[in-house]
Structure formats: C-alpha cells, structure tokens
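Please read its points in order.

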Amino acid sequence: MSDEIKLTVEQRSEFGKGAARRTRKAGKIPAVLYGHGTDPKHLALPAIEFARVIRDHGYNSVLTLDIDGDKPQLALTKNIAVHPLKNYIEHVDLLVVKKGERVSVDVPVIVSGDPAPGTLVLQEVDNITIEVDALNIPEELHVSIEDAEAGTTITAADIELPKGATLVTEGESVLVAVNEAPTAEAMEEGLDTEAAEEPKEAAGEAAEEASE
C-alpha cells in the first residue's frame, strides 16, 4: 500500500473568477471534490504542500483530506490546470475514492537503456492507461531498450504492470520504435531535395497570386 499523504484543506464559500484569484493570492489553490454520488465540495488546498505532493508522488496522487476537521476523505488527483505562461497551479479536480476501489489512470512510461549502435529511438506514446487499486497507483512505468536492434518495437502489452493492475490501452499500441539511424549521406540528400523544392513551391504560389 502507498504511503498515506495527508493534506489539511478548507471548504470555500465564495465562487467565480474573483474568488479564485483571492484564494490563490492567499497561498491556496481552488479545487473541487466530486464523485460517488456526493455533492461537489469546493475546497482550498495549501499551494506549497500540494505542489510538494505532486513533485514527490506524481500527478496520480491519492490524498487523505482533512476537510475542516470532518472525517478524513480519500481523493484521487484527477486533473490539474496549470497557467500556460506563469506555470502556477490554477485549479485542481479531485475524485472521491474508497479503499479497495479500482480506478483508471494514465501513467507515464519511462524509457531507459542504450540501443544498439546506429539506431534511432522514437517514443510514440508517453503514457498508457491502466486500471489499478486506487491505493497502489504507480508513479511511472519503465521499459528498457538496452542493446535493442533496429526493427525492435515495444507495445503497451510488453510493459510490466504492478501486481493486480490491468491494461486499458490497446495492447498492440506501439510505445517505442527502434529504427535504423539515417546516414549522413541520406540526410544531405534530404536537405538537397527540400532546397530544390522550395523554388518550385515559391513559383507555384506566385503563379496562383498572379492568376487571382
């Protein structure tokens, strides 16, 4: 079982953009807790503590929430909205979970190892979806490409999952492909071809403009 992650939070009584800004200015993150037929609860999470949880335990963290001293509530971090420019957490969606419950989550796939010389590695997919006990969600899954030869492909079905977890992503989905690296001559030929095509494209565009 994962280590318990406790977080003391407050219920919010104000809503809307202005209230959200005030919450963030006070060092907290606006959040909503929902699921299992319960009424949504609008919460304020301590910003520094929550950011530390995500950094140390990943985006699929299951929290034990102390909401204004009520009975502790288990919650799965379901969605985190981050400001696109300033990179702070704007809002969090939390899902009510219960002990023994299975949930579907997206888990990052980490590729390690060095393939055979003369190859090029393409990671087609960064995450796969699995169904797993809510209290045993892995932070990440690993796959090794050590000494992999050109032509090697690794699919979702090849990933070793934690005990009790099942794969939701299509098993045939290609995660990693090890290809033969292009030679310097092939790359030069490709550049020469692109350079030769550019004047043709420019001439075609000019002809179209002239005919309009």
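**Notes on the predicted model**

1. Glutamate 10 and lysine 28 form a salt bridge, with their closest N and O atoms 3.6 Å apart. The term denotes a side-chain nitrogen of Lys or Arg within 4 Å of a carboxyl oxygen of Asp or Glu. Glutamate 10 belongs to strand β1 (residues 6–11) and lysine 28 to strand β2 (residues 28–35), so the pair ties together parts that are 18 residues apart in sequence. Strands (E, at least two residues) and helices (H or I, at least four) are DSSP runs, numbered from the N terminus. Glutamate 10 counts as partly exposed because its relative accessibility is 38%; lysine 28, at 25%, also counts as partly exposed. The classes are buried (under 20% relative accessible area), exposed (over 50%) and partly exposed in between, using a 1.4 Å probe and protein chains only.

2. This is a predicted model, in which local features need pLDDT of at least 70 and side-chain atom pairs count only at pLDDT 80 or more, while totals for chains, interfaces and linings use all residues. Residues are numbered from 1 along each chain as its sequence is written, and side-chain values use heavy atoms, leaving out hydrogens and water.

3. The mean pLDDT (the predictor's confidence in each residue, from 0 to 100) is 86 for the protein, and 85% of its residues reach 70 or more. Helix α3 (residues 184–211) has the lowest confidence, at a mean of 56, and strand β12 (residues 166–167) the highest, at 96.

4. How many salt bridges does a search of the whole structure find? The search finds four. One of them joins arginine 102 to glutamate 131, with the closest N and O atoms 3.1 Å apart. This pair links distant parts of the chain, since arginine 102 is in strand β7 and glutamate 131 in strand β9, 29 residues apart.

5. The largest nonpolar core has 26 residues, of which Leu76, Val105, Ile128 and Ile130 touch the most other members. Such a core is a set of buried Ala, Val, Leu, Ile, Met, Phe, Trp, Tyr and Cys residues joined through side-chain atoms within 4.5 Å. Strand β7 supplies the largest share of this core, four residues. Apart from it lies another core, of 20 residues, including Val9 and Ile29.

6. Threonine 155 lies in strand β11 (residues 152–155). Threonine 155 counts as buried because its relative accessibility is 16%. A polar atom of its side chain lies 3.2 Å from the backbone oxygen of glycine 171.

Technical notes:
A polar contact is a pair of N or O atoms within 3.5 Å; within protein, one must be able to donate a hydrogen and the other to accept it, and residues adjacent in sequence count only if both atoms are side-chain atoms.
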